[in-house]
Amino acid sequence: MFLAETSANRLDMIQVVDPAKVDTWTIAVLDASTTPGFKDGALATAMFRQPTGLFLDTAAHALYVADTGNHVIRKIDLSSGTGTATVTTIAGEPATRGFFGDDGPATLALLDLPQAITRCANGDLYIADTGNERVRRIAAADGKISTVLGDGTGASAGEGAPSSLFSVDTPLGVACDQLGNVYVSSRNTVRVVSPPGTSTIADGNGPVVTIYGKPPRASFPANVTQCLTGLAVIDTATVRVVDACAGLLVELTRS
């Protein structure tokens, strides 16, 4: 398991010593520097600035990092182990915040305080581009970036298609299910972008719906929802989301 220590500007690896005793574990720092900065290359000498969201792709032996303070997405190649792992930047311009680059290479795009990332079954990456009030996709086929959800407005209003024309308020979590749906937790809602038609890629033309926190928020716990952060898809019928302000772990079940 991997952990982002945001305030310490570093990444840690947690290992269970004895699988039969879950309370026996060790923690080790992956990157040597705790000084905020930016540096690709060998993981041992890499530098990060306020890393937050992580996604471990076990099949590809890669750890994706939302390097929030640097406004970039980084990829750590773990195929040969952590000792010789390397870090590359796959989206954003280091230390440059903004909104730019849709329909072009992700490495030339601008992001603003990205805080979460996930990889779907088809290989596409989805980024919670938090400061830009958008969710963006990096296509596996060509590495180009596009907006899937969000018009740059800090709100979560309306449902319909195309999803790229509807708003999202401070996206902080993003996850995929095996059906190709993309789940997004924002400040007080969980929204879902579905693949358009028969496509397997949610490319900004699919419909968006709100499955949690939809106004008027008349009943508990939706009526106290204010700070939805971490999001996990358990299976195609179950989603769990953290409400950091209310101290709740909410489970959503498809009926």
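The model is predicted, so local features need pLDDT of at least 70 and side-chain atom pairs pLDDT 80 or more, while totals for chains, interfaces and linings use all residues. Residues are numbered from 1 along each chain as its sequence is written, and side-chain values use heavy atoms, with hydrogens and water left out.

Q: Why is asparagine 9 called buried?
A: Buried means under 20% relative accessible area (1.4 Å probe, protein chains only). Asparagine 9 has 7%, so the word applies.

Q: Where is asparagine 9, and what does it touch?
A: Asparagine 9 sits in the loop between β1 (2-5) and β2 (10-18); strands are DSSP runs of E with at least two residues, numbered from the N terminus. Beyond its neighbours within four places in sequence, its contacts (heavy atoms within 4.5 Å) are Asp31, Ser33, Thr34, Pro36, Phe48, Arg49, Gln50 and Pro51.

Q: How do you know that the chain agrees with a compact globule?
A: The rule, for C-alpha atoms, is 2.2 Å times the number of residues to the power 0.38. For 255 residues that gives a radius of gyration near 18 Å, and the chain has 18 Å, so the two agree.

Q: What makes up the largest nonpolar core?
A: A nonpolar core joins buried Ala, Val, Leu, Ile, Met, Phe, Trp, Tyr and Cys residues through side-chain atoms within 4.5 Å. This one has 15 residues, and among those touching the most other members are Tyr126, Val135 and Leu149. Elements giving it two or more residues include β10 (125-129) and β12 (145-149).

Technical notes. Buried < 20%, exposed > 50% of the residue type's maximum accessible area, 1.4 Å probe, protein only. Helix = DSSP H or I, 4+ residues; strand = E, 2+ residues; numbered from the N terminus.
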